Amino acid sequence: VCSSDLPVLGSVRVGDYPNYFFPSMRQKHKQLGVEEYGKLGFSTLLIHSTDGCKHNTGKKEVPIITANEQVFSLEVQQKGISTANSCQLFTYLQVQSEEKRDVVIRMFKEHFESKNKFLENAEQYFGEKCKVYSYECHDMKFLHILYGNVGWNSDNGGFLLCGCNRKEGKHQCKIIDDDTHKKLYKKARSYFQRLLTSGRPEHEAIKLTNQWAAMNNCGVNGLGIDPKLLPLSRVRFDVMHLSMNVTRRLLSHLEQMVSRDYNIAGYRLETKMLEFLSFDQLYMWKEGHGASKFEGNDLKKFTYNFVNLSDWFREKSIIDVSGSNEWDSFLQALSIWPSINRFLIEQRADSDYEDRINEFEKEVELFYECGRNLFLVGKSGDEMARETTYIHILRYQIAEHARETYKRHGLAIGIFSLESTERRNCESKYAFVNHNNGKGNFCLQTLKRNTRKFDVLTPKPPAKKQKKK
């Protein structure tokens with residue numbers, strides 16, 4: 001799509017999907033005792049996940065994109081392994097670059113061609129009874145680059161699967177099917193090519209195409225991977241980042257509401273928070289950086305204690321919340337969120353999972369309505385102006401994906417998480433700092449270490465907790 005032909009340093013495992021990638025992952029599962037996929041009557045998943053992160057040498061930061069594949073199924077899960085385990089993550093490519101469109105296209109075009117050929121002949125590898133589905137689970141920025149969509153924070157066309165616009169309020173969200181997406185992609189490509197033919201510089205043509213696509217083409221700008229290679233229906237959103245995004249939004253709004261009467265209510269709230277926060281975490285909260293600086297484990301502590309905090313505000317807080325519709329709605333949202341979060345992170349699906357999905361839909365609808373006039377309101381007072389991409393996905397798309405995942409695979413929506421990918425990034429950073437000579441191709445040295453982890457280490461099921469006597 002773009003004209004940049006500059007060389008990019010990187011390292012890749014030599015081999016194609018059917019003859020190298022899949023046999024390597026298959027051997028890993030045989031170590032766990034999984035002799036056959038689909039034995040329990042459900043389909044198998046191929047999950048492709050990618051993330052970019054800065055590797056710090058102490059003197060400079062080097063951006064590296066890491067690409068991974070993994071095979072997962074109900075049989076693998078019953079051996080005690082989850083998609084959050086990085087030992088079964090097959091890292092096949094690392095590139096020393098920022099997440100840029102031209103780099104991403106060059107990185108993955110050949111990989112998707114090889115993978116699609118593998119999927120066409122999947123019966124040879126999985127048997128006739130076992131169906132195989134491929135999914136793309138990346139962070140939001142990477143998904144929009146990969147599929148050729150306008151920025152994920154755009155007010156118009158910023159939602160990848162539906163093309164809805166921010167501030168629409170109540171509406172019917174309809175997911176774009178693969179055939180429609182191909183037409184939108186073709187239309188956008190033609191628009192982009194006409195701009196180039198008319199003599200526009202490439203950077204200007206890209207900018208104008210994004211503006212046109214946001215208003216007239218459901219956000220599809222035609223600058224990503226061809227949908228013939230990568231259908232839109234393969235997209236699955238990362239529930240880990242979704243959960244963190246919504247929790248931060250709730251904390252940010254709680255800070256705003258408490259700051260109105262900080263001298264009294266704030267002091268008593270901090271005393272309450274010391275029941276589950278450390279002094280360092282409380283200091284971050286007092287400085288007003290909590291919502292943006294808290295990481296996963298910190299946010300978990302808040303999520304697990306939101307119901308407790310909500311009860312405390314109603315019963316013991318000096319703030320009179322009984323006569324305030326604003327406080328009542330917000331405390332209701334706080335009380336609902338832990339249940340929604342548990343649904344998102346669950347990887348095991350019990351026999352009543354379909355009932356749990358129906359319950360989840362009702363909870364999310366109530367949560368969304370509670371936030372309509374609170375944490376989704378813009379600074380100028382515009383309703384839904386702060387509806388993030390993740391909140392829109394939570395409201396309109398997660399339930400449908402959960403039903404499809406359970407029907408196809410007998411698994412819960414929590415399997416689509418970048419937790420293992422983030423863990424692989426940490427392992428890569430450690431190898432980068434401790435096991436490279438600071439010269440030449442950094443990716444070659446880190447990928448060797450990641451390869452060794454995959455080849456040597458065997459995933460271990462989580463240890464069972466023993467009851468204290």
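## Helix packing and cysteines

Helix α8 passes helix α12 in a left-handed crossing, in what is a predicted model. The axes of α8, which spans residues 239-258, and of α12, which spans residues 296-315, come within 10 Å and cross at roughly 50 degrees, and the two helices are therefore oblique to each other. On the α8 side the contact involves Met244, Thr247, Arg248, Leu250, Leu251, Leu254 and Val258, which meet Gly296, Leu299, Phe302, Thr303, Phe306 and Phe313 of α12. Sorted by class, this contact of α8 with α12 comprises nine nonpolar, three polar and one charged residues.

A second pair is formed by α14 (residues 353-371) and α16 (residues 398-409), whose axes lie 10 Å apart at an angle of about 175 degrees; α14 and α16 are therefore roughly antiparallel to each other. Here Tyr353, Glu354, Ile357, Asn358, Phe360 and Glu361 of α14 make the contact with Ile398, Ala399, Ala402, Arg403 and Tyr406 of α16. By class, the α14 contact with α16 has seven nonpolar, one polar and three charged residues.

Turning to the cysteines, a disulfide requires a pair of cysteine sulfur atoms within 2.5 Å, and by this rule the count comes to zero disulfides. Cys53, for instance, is in no disulfide, since the nearest cysteine sulfur, that of Cys426, is 7.9 Å away. The table gives relative accessibility for two cysteines.

| Cysteine | Relative accessible area | Class |
|---|---|---|
| Cys53 | 14% | buried |
| Cys130 | 7% | buried |

Terms used
Residues are numbered from 1 along each chain as its sequence is written. This is a predicted model: local features need pLDDT of at least 70, side-chain atom pairs count only at pLDDT 80 or more; totals for chains, interfaces and linings use all residues. Side-chain values use heavy atoms; hydrogens and water are left out. Buried means under 20% relative accessible area, exposed over 50%, partly exposed in between (1.4 Å probe, protein chains only). Axes are lines fitted to C-alpha atoms, for helices over the stretch in contact, and angles run from 0 to 180 degrees between N-to-C directions. Helices (H or I, at least four residues) and strands (E, at least two) are DSSP runs, numbered from the N terminus. Angles under 35 degrees count as roughly parallel, over 145 as roughly antiparallel, 65 to 115 as roughly perpendicular and the rest as oblique. A crossing is left-handed if the near helix is turned anticlockwise from the far one by less than a right angle, and right-handed if clockwise. Contact means heavy atoms within 4.5 Å. Ala, Val, Leu, Ile, Met, Phe, Trp, Tyr, Cys and Pro count as nonpolar, Asp, Glu, Lys and Arg as charged, and the others, Gly among them, as polar.
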